[in-house]
Amino acid sequence: MFDHFFDLDIPGEVYSSLIVVLIIVVLSIIVAIKARFHNPLKKPKGLLLIAEIGVKYFDNFARDLTGGAMPEFGGFIMGVAVYLFLAFIFGLTGLPSPVTYMAVPLSLGLTTFLLIHLVSAKYTKWAYFKRYIDPLPVFLPINLLSMWAPLLSLTLRLFGNGIAGWALLTIVEVSLRDLSAAIFSFMPTDALGNNWNEIFLAPIPMAVLHAYFDLFSGLIQTVVFISLTAIFIGQEIPEEVVVNNYQERRKSL
């Protein structure tokens, strides 16, 4: 049975995604242990401080965009943001980035898509189905097609940016290696057949490009994804629910 398991043709991006999830799980366990034994009268330090700042930020972020109607939504947004940012910068390790595999952006997009419609159905009940025949029943086919727009937008944005960065980095790296090999062609190969003359031009330019496409671009795409997710879901919450939550918060202050 295990022989067949290891014969499966599983893309490297899937293993990278599992590693990212494992890293998040380990960090979460460490934070939970530190929080359990932390003295509440003392200021948190290190990883616990970072986690506390993150929780407060994402709770406020979710509350502002959903009107406070979903108190636990900040935890979901924080989990998605941490995973997505780590997935983008995972390419710095030399292993494939999960976002360059279509299944990963699609899974994230589907999660947001399902939440949009679940939240809408929760607050509108049976009136949820009325949205597909507004303003007239004849618009049903058009409304059924337009409902997929958030899924396509979120998925293709992540995948497009991830694959574009990977393609550009690959082209530049191959070009620099070929140019280096041509310039330092006088250097012989070693006993194992390795061409060390290919490594001289690539390191510095590739480091700069990785810093942009993996770090900066990854941060921007993470912010855009979680912002759109919160906005799409917040739009499904009725205005009266948002107003009531706002008034209750003011009374509690």
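Student: Why does Ile19 count as partly exposed?

Tutor: This is a predicted model, in which local features need pLDDT of at least 70 and side-chain atom pairs count only at pLDDT 80 or more, while totals for chains, interfaces and linings use all residues. Residues are numbered from 1 along each chain as its sequence is written, and side-chain values use heavy atoms, with hydrogens and water left out. Ile19 has 34% relative accessibility, and because buried means under 20% relative accessible area, exposed over 50% and partly exposed in between (1.4 Å probe, protein chains only), Ile19 counts as partly exposed.

Student: What makes Ile19 part of a nonpolar surface patch?

Tutor: Patches are made of residues with over 30% relative accessible area and no salt bridge, with nonpolar side chains (Val, Leu, Ile, Met, Phe, Trp, Tyr) joined within 5 Å and like charges within 9 Å. Ile19 lies in helix H2 (residues 12-37), where a helix is a DSSP run of H or I with at least four residues, numbered from the N terminus. Ile19 makes the patch of about 530 Å² together with Leu22, Ile23, Val26, Leu27, Ile30 and Leu95, the area coming from the Shrake-Rupley method with a 1.4 Å probe. Ile30 also lies in helix H2, and Ile30 is partly exposed at 34% relative accessible area.

Student: Why is Thr100 called buried?

Tutor: The relative accessible area of Thr100 is 12%, which is under the 20% limit, so Thr100 is buried. Thr100 lies in the loop between helix H4 (73-89) and helix H5 (103-124). Leaving aside neighbours within four places in sequence, Thr100 is in contact (heavy atoms within 4.5 Å) with Glu13, Phe159, Gly162, Ile163 and Trp166.

Student: How do you know that Glu52 and Lys56 meet in a salt bridge?

Tutor: A salt bridge needs a side-chain nitrogen of Lys or Arg within 4 Å of a carboxyl oxygen of Asp or Glu. The N to O distance between the side chains of Glu52 and Lys56 is 3.3 Å, so the pair meets the definition. The two residues are separated by about one helical turn, because they are four residues apart in helix H3 (residues 46-66).

Student: What makes a set of residues a nonpolar core?

Tutor: The set must consist of buried Ala, Val, Leu, Ile, Met, Phe, Trp, Tyr and Cys residues joined through side-chain atoms within 4.5 Å. The largest such core here has 28 residues, and Ile226 is one of those with the most contacts inside it. The largest share of this core, eight residues, comes from H4.
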